[in-house]
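Good morning, and thank you for making time for this presentation.

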Number of protein chains: 2
Amino acid sequence: MSETNEIKVAVDAIVFGYQQNTLFVLLVKQKFGQMKGTWVLPGGFVLKHESLIEAVTRELQEEAGIQVNYLEQLYTFGDNIHRDPRFRVISVAYFALVNPNNFALVEQNDTDAEEAQWFAIDRIPRLGYDHNEIIKVAHQRIKNKLTYQPIGFDLLADEFPFSDLESLYTIILEQDIDRRNFRKKILSLGFIEETDTLVANTGSGRPARLFRFNKDTYNQLLSKGFHFEIKFA
Amino acid sequence: MSETNEIKVAVDAIVFGYQQNTLFVLLVKQKFGQMKGTWVLPGGFVLKHESLIEAVTRELQEEAGIQVNYLEQLYTFGDNIHRDPRFRVISVAYFALVNPNNFALVEQNDTDAEEAQWFAIDRIPRLGYDHNEIIKVAHQRIKNKLTYQPIGFDLLADEFPFSDLESLYTIILEQDIDRRNFRKKILSLGFIEETDTLVANTGSGRPARLFRFNKDTYNQLLSKGFHFEIKFA
């Protein structure tokens with residue numbers, strides 16, 4: 001039974017950010033050990049007296065100084081017993097979303113990481129351990145989830161032009177959308193509110209109105225059995 | 001860093017079976033230690049040289065001698081650091097489905113469990129650790145999953161009267177269904193085949209035809225972008 005002590009428990013975070021029509025993932029460069037200089041997901045070992053969620057929050061704070069809007073357990077990776085060449089480690093992976101205000105604020109505190117940096121999802125380098133595989137699973141999860149839970153708003157500013165929401169769906173789901181139907185559908189749901197704010201529109205000459213996600217209204221609808229759903233033809 | 005060695009990794013399985021219009025969960029009674037005589041989920045510590053999935057399969061074999069049709073990682077429980085009163089343990093929970101042929105075949109091999117037994121989902125006793133909580137999460141998962149993935153067939157015999165499928169949905173989802181629409185919808189999907197087999201129908205006098213789930217047809221549809229979905233009004 002003593003050999004059960006020899007499995008270490010880690011947490012890793014797949015942090016998604018969205019900027020300039022691109023989905024990004026936050027990576028850190030390892031500072032020490034065998035993997036020195038290699039890009040990996042932020043994460044590390046769980047300490048004995050902290051919960052899993054505390055561990056992942058602490059690691060994100062230490063390695064990237066980042067505040068996330070949304071954090072959810074993704075999957076526990078432990079079927080490849082050699083996923084860490086040093087010793088047996090299982091990793092409880094979490095995926096997180098940050099909004100544009102926090103996107104810029106990546107900085108490091110007390111950390112095992114040399115550097116923290118955003119990488120476009122289609123330009124992820126070869127990572128340490130099985131982290132490329134973990135990102136694939138997280139990418140699929142965010143794509144699925146976007147169609148049945150309004151998590152896209154956690155990647156946008158509090159107030160956003162409607163075209164940003166459309167682009168976010170198009171880009172993350174890698175599918176074209178019928179913009180007119182999308183707008184009609186989304187606005188009919190009742191929890192996306194038009195604000196009084198107008199901003200200059202870089203596309204056409206006309207200023208664009210900003211919109212806001214009303215979480216209270218959404219939660220009220222949920223409690224009445226409402227199901228959010230975005231479908232593509 | 002040495003304290004990271006002190007977290008133990010366990011797997012637990014929530015095995016669902018379906019018999020006589022009732023959803024059941026498989027429990028085992030602990031034979032040794034502080035929890036002797038307490039009902040718990042089948043499970044145990046992961047050994048250093050086995051994958052998580054090997055560990056849960058081994059534990060199911062040892063403690064209940066049971067073959068499952070479907071096995072999927074549910075969630076990793078590790079936020080309550082006192083979930084095991086003896087030491088810090090995180091548990092990677094799996095949910096499993098068994099069909100009626102295997103339902104009866106619960107027997108124990110080399111095991112820490114004194115007894116293995118099915119309990120109706122609404123008659124689960126007070127379990128050891130946080131296992132009542134884990135069952136709640138699994139129950140919610142199976143309810144959700146039933147509406148968007150055809151996992152219900154893993155709880156039925158290979159050939160089944162259509163009324164069994166209807167009852168399974170009604171009972172697990174705890175909702176009445178419009179039987180005529182349900183039948184029409186399900187049969188229109190193309191992967192439920194009528195067989196030539198007729199069985200005596202306990203309800204009416206007329207014999208009932210048996211149906212079969214064709215997994216190959218379903219997988220072909222999936223690869224063409226088909227999405228299974230059962231909606232209730």
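Residues are numbered from 1 along each chain as its sequence is written, chains are lettered from A and ligands numbered from 1 in the order in which they are written, and side-chain values use heavy atoms, with hydrogens and water left out.

Let me begin with confidence. The scores for the model are ipTM 0.87 and pTM 0.89. Where pLDDT is low, the predicted coordinates should not be read in detail.

I turn to the domains. Chain A comprises domain 1, residues 8-146, and domain 2, residues 159-224; these bounds come from an automatic or database domain assignment. Taken over C-alpha atoms, the centres of the two domains of chain A are 29 Å apart. In terms of contact (heavy atoms within 4.5 Å), 7 residues of domain 1 of chain A meet 8 residues of domain 2 of chain A.

How much area is buried between domain 1 and domain 2 of chain A? The value is about 770 Å², with carbon and sulfur atoms giving 72%. Buried area here is the accessible area (1.4 Å probe) that two parts lose on being put together, summed over both. Of the area that domain 1 of chain A buries against domain 2 of chain A, 71% is supplied by A:Tyr18, A:Lys143 and A:Leu146, more than by any other three residues.

Between these domains of chain A there is 1 salt bridge, defined as a side-chain nitrogen of Lys or Arg within 4 Å of a carboxyl oxygen of Asp or Glu. A:Lys143 forms a salt bridge with A:Glu174, with the closest N and O atoms 2.5 Å apart. On the side of domain 1 of chain A that touches domain 2 of chain A, the largest share, 4 residues, comes from helix α3 of chain A, residues 131-148. Helices (H or I, at least four residues) and strands (E, at least two) are DSSP runs, numbered from the N terminus.

Next, the interface between the chains. Here 29 residues of chain A are in contact with 29 residues of chain B. Chain A and chain B bury about 2800 Å² between them, 53% of it on carbon and sulfur atoms. The rule finds 2 salt bridges across this interface, and B:Glu6 and A:Lys48 meet through their side chains in a salt bridge at 3.0 Å, N to O. On the side of chain A that touches chain B, β1 (8-19), α1 (52-64), β5 (70-77) and β6 (89-97) of chain A each supply at least two residues. The largest share, 4 residues, comes from β5(A).

Finally, which helix of chain A holds A:Arg58? A:Arg58 lies in helix α1 of chain A. Leaving aside residues up to four places away in sequence, A:Arg58 touches A:Phe45, A:Leu47 and A:Glu50. The side chain of A:Arg58 reaches the backbone oxygen of A:Phe45 at 3.1 Å.

Thank you for your attention.

Conventions: This is a predicted model: local features need pLDDT of at least 70, side-chain atom pairs count only at pLDDT 80 or more; totals for chains, interfaces and linings use all residues. A polar contact is a pair of N or O atoms within 3.5 Å; within protein, one must be able to donate a hydrogen and the other to accept it, and residues adjacent in sequence count only if both atoms are side-chain atoms.
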